[in-house]
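Q: Could you take a close look at the aromatic rings here, and then at the nonpolar packing? I'd like the cut-offs along the way.

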Amino acid sequence: MTSPIRPTDDAARQLARDLIAAARFGALAVLDPDSTTPMVSRVGLVPGPDGLPLALVSDLAQHTVALRSNPACSLLIGEPGPKGDPLTWPRLSLHGTAQFIRHDHPDHGALAAHYLTHFPKAKLYIDFADFSLLRFDLRGAHLNGGFGKAFVLSPDDLRR
């Protein structure tokens, strides 16, 4: 059987970058520390200055508790359009580890300001002590660009 994965090309890289740039939320998959079963949660996202996703999370959220126990995670972005089969719309599955950027981290100020350019209402809570920015140290990604358009991408393929 022939592999369904196509060679990664510039069009695939651009589609993946566009999906990240347009994403304002994603499905974050983590491992529950008590049961070790997968758990999925919706998180708000913006494209970071490097083009990779950036999230804001609270220590009170179960996905944050899980990431503190085991930072391995996956993030699915890309939503179906208003018509047609939802499986024909592009989506990107990213996998790697989460990196917490707390208020005392040297990058926090610049990343928080960047996040607020996309979600200005987060100014109400971004400085709360229980909130952290979340960067993703990506190991790779799988792009499904639509029917018959599957690609494997590296972190460098995704950076702007």
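A: Tyr 115 counts as buried because its relative accessibility is 4%, where buried means under 20% relative accessible area, exposed over 50%, and partly exposed in between (1.4 Å probe, protein chains only). Keep in mind that this is a predicted model: local features need pLDDT of at least 70, side-chain atom pairs count only at pLDDT 80 or more, and totals for chains, interfaces and linings use all residues. Numbering runs from 1 along each chain as its sequence is written, and side-chain values use heavy atoms, with hydrogens and water left out.

Phe 119, at 26%, is partly exposed. Tyr 115 and Phe 119 make a tilted aromatic pair, 5.5 Å centre to centre with 45° between the planes. For pairing, ring centres of Phe, Tyr or Trp (its six-membered ring) must lie within 6.5 Å; planes under 30 degrees apart are stacked, over 60 edge-to-face, the rest tilted.

The structure has three such pairs. Phe 128 and Phe 131 pair edge-to-face, at 6.3 Å and 65°. Phe 128 is partly exposed at 45%, while Phe 131 is buried at 14%. Ring pairs also tie Tyr 125 into a cluster with Phe 128 and Phe 131.

On to the packing: in the largest nonpolar core, with 30 residues, Leu 92, Phe 136 and Leu 158 touch the most other members. A core here is a set of buried Ala, Val, Leu, Ile, Met, Phe, Trp, Tyr and Cys residues joined through side-chain atoms within 4.5 Å. Phe 131 turns up in a second, separate core of twelve residues, which also includes Val 46, Leu 54 and Ile 126.
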